[in-house]
Amino acid sequence: RYTNAQNTANRLKKFNGLDAEALYHPPPQMGRYTNLEYQRYVLSVGRLDKLKRIDSLIRALPHVHRDITCKIAGTGPERESLEQLAKDLGVADRVEFLGFVPDEGVIELYGKCSVVYFAPHDEDYGYITLEAFLSGKPVITAPDAGGPLEFVQHEVNGLIIDCEDNVALAAAIDELVPDAGRCENMGESGGASIAHITWDNVVDTLVPGR
């Protein structure tokens with residue numbers, strides 16, 4: 001019995017009493033991600049939903065060095081309130097809401113950012129962590145993020161921060177974004193840590209002796 005992540009396996013055990021093994025699969029655009037450069041922006045990709053805690057990123061921005069911006073790719077019910085939050089905090093000029101972005105555009109955004117912010121609450125798996133690592137970028141996540149914690153190692157390939165602490169999150173962003181060398185080292189570590197996640201491995205596990 002397999003699940004897409006250990007976090008999902010843990011839920012299956014907790015609520016159904018069933019044991020399962022995590023069998024990680026690659027993101028849909030596997031093989032297309034690339035590291036282009038380290039521009040001074042933090043990237044958030046995904047549905048604009050409360051559980052994704054994108055508001056925490058915006059709340060941290062007033063405490064972040066003014067030449068660091070963030071780009072938010074995705075649609076969802078929270079867009080209007082997030083845009084208003086950025087205005088209320090005086091950082092609307094530093095937050096770019098991109099809406100729906102096609103695959104080519106997302107790959108480019110990953111390739112050019114310095115850091116990826118992905119701090120959802122209790123995520124099942126989360127392609128975004130893998131997409132960031134495949135693009136050679138570190139990930140900032142939270143202690144209760146769920147799936148991302150199966151990959152992110154603090155100070156190795158990213159940072160695990162209480163994202164609801166605006167000052168702490170801002171300090172993490174200020175620590176990483178200006179240091180392209182450190183971002184590169186962390187991103188390379190991230191990529192190496194998920195090198196085993198391939199479709200060949202998935203198929204070999206599900207269809208032994210093929």
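A residue counts as buried when its relative accessible area is under 20%. Glutamate 123, at 17% relative accessibility, therefore counts as buried. The model described here is a predicted one. Its protein chain contains eight helices and eight strands. The radius of gyration is 17 Å, close to the 17 Å that the globule rule gives for 210 residues, so the chain is as compact as a globular protein of that length.

**The chain as a whole**

- The C-alpha trace spans about 60 × 35 × 30 Å along its principal axes.
- Of the 210 residues in the protein chain, 46% are buried.
- Among contacts between residues at least 6 apart in sequence, 68% join residues at least 24 apart.
- The protein chain exposes about 9,900 Å², and carbon and sulfur atoms supply 50% of this area.
- The protein chain carries 20 positive and 32 negative side chains, and the centres of these two sets lie 3 Å apart.

**The nonpolar cores**

- In soluble globular proteins, nonpolar side chains tend to be buried together.
- The largest nonpolar core in this model has 33 residues. Val42, Ile58, Ile72, Val95, Tyr117, Ile140 and Ile173 are those with the most contacts inside it.
- At least two residues of this core come from each of helix H2 (54-60), strand E4 (69-73), helix H3 (79-88), strand E5 (95-99), strand E6 (115-117), helix H6 (166-176) and helix H7 (180-193).
- Helix H6 gives the most to this core, with five residues.
- Valine 95 is in contact with Leu61, Cys70, Ile72 and Ala86, leaving aside its neighbours within four places in sequence.
- There is also a second, separate core of 26 residues, which includes Ala22, Leu109, Ile128 and Val152.

**Helix H4 and valine 45**

- Helix H4 covers residues 103-112, and within it Val106, Ile107, Leu109, Tyr110 and Gly111 are buried.
- The buried residues of H4 pack against strand E3 (41-45), E4, E5, E6 and helix H5 (127-134).
- Valine 45 belongs to strand E3. Its relative accessibility is 15%, so valine 45 counts as buried.
- Apart from neighbours within four places in sequence, valine 45 is in contact with Ala73, Val106, Tyr110 and Ile128.
- Valine 45 and valine 101 are 56 residues apart in sequence, and their C-alpha atoms are 9.4 Å apart in space.

**Threonine 129 in helix H5**

- Threonine 129 is part of helix H5. Because its relative accessibility is 0%, threonine 129 counts as buried.
- Not counting residues up to four places away in sequence, threonine 129 touches Phe118, Val139, Pro148, Phe151 and Val152. Val152 is also included in the second core.

**The loop between E6 and H5**

- Glutamate 123 is placed in the loop between E6 and H5.
- Leaving aside neighbours within four places in sequence, glutamate 123 is in contact with Asn7, Arg11, Lys52, Phe118, Ala145, Gly146, Gly147 and Pro148.
- Asparagine 7 is 116 residues away from glutamate 123 along the chain, and the C-alpha atoms of the two are separated by 7.9 Å.
- Aspartate 122 lies in the loop between E6 and H5 as well. At 34% relative accessibility, aspartate 122 counts as partly exposed.
- Most residues other than glycine have a negative phi. Aspartate 122, which is not a glycine, has a positive phi near 55 degrees.

**The loop between E3 and H2**

- Arginine 53 is located in the loop between E3 and H2. With a relative accessible area of 7%, arginine 53 is buried.
- The phi of arginine 53 is positive, at about 55 degrees, although this residue is not a glycine.
- Leucine 51 also has its place in the loop between E3 and H2. Leucine 51 touches Pro120 and His121, not counting residues up to four places away in sequence.
- Leucine 51 and asparagine 166 are 115 residues apart in sequence, and the distance from C-alpha to C-alpha is 17 Å.

Methods: Residues numbered from 1 in each chain as written. Predicted model: local features only at pLDDT ≥ 70, side-chain atom pairs only at ≥ 80, totals over all residues. Heavy atoms only, no water. Core = buried A, V, L, I, M, F, W, Y, C linked by side-chain atoms within 4.5 Å. Buried < 20%, exposed > 50% of the residue type's maximum accessible area, 1.4 Å probe, protein only. Helix = DSSP H or I, 4+ residues; strand = E, 2+ residues; numbered from the N terminus. Contact = heavy atoms within 4.5 Å. Rg over C-alpha atoms; globule rule 2.2 N^0.38 Å. Areas by Shrake-Rupley, 256 points an atom, 1.4 Å probe, with all protein chains shown as cover. Lys, Arg positive; Asp, Glu negative; His and termini not counted. Charge placed at Lys NZ, Arg CZ, Asp CG, Glu CD.
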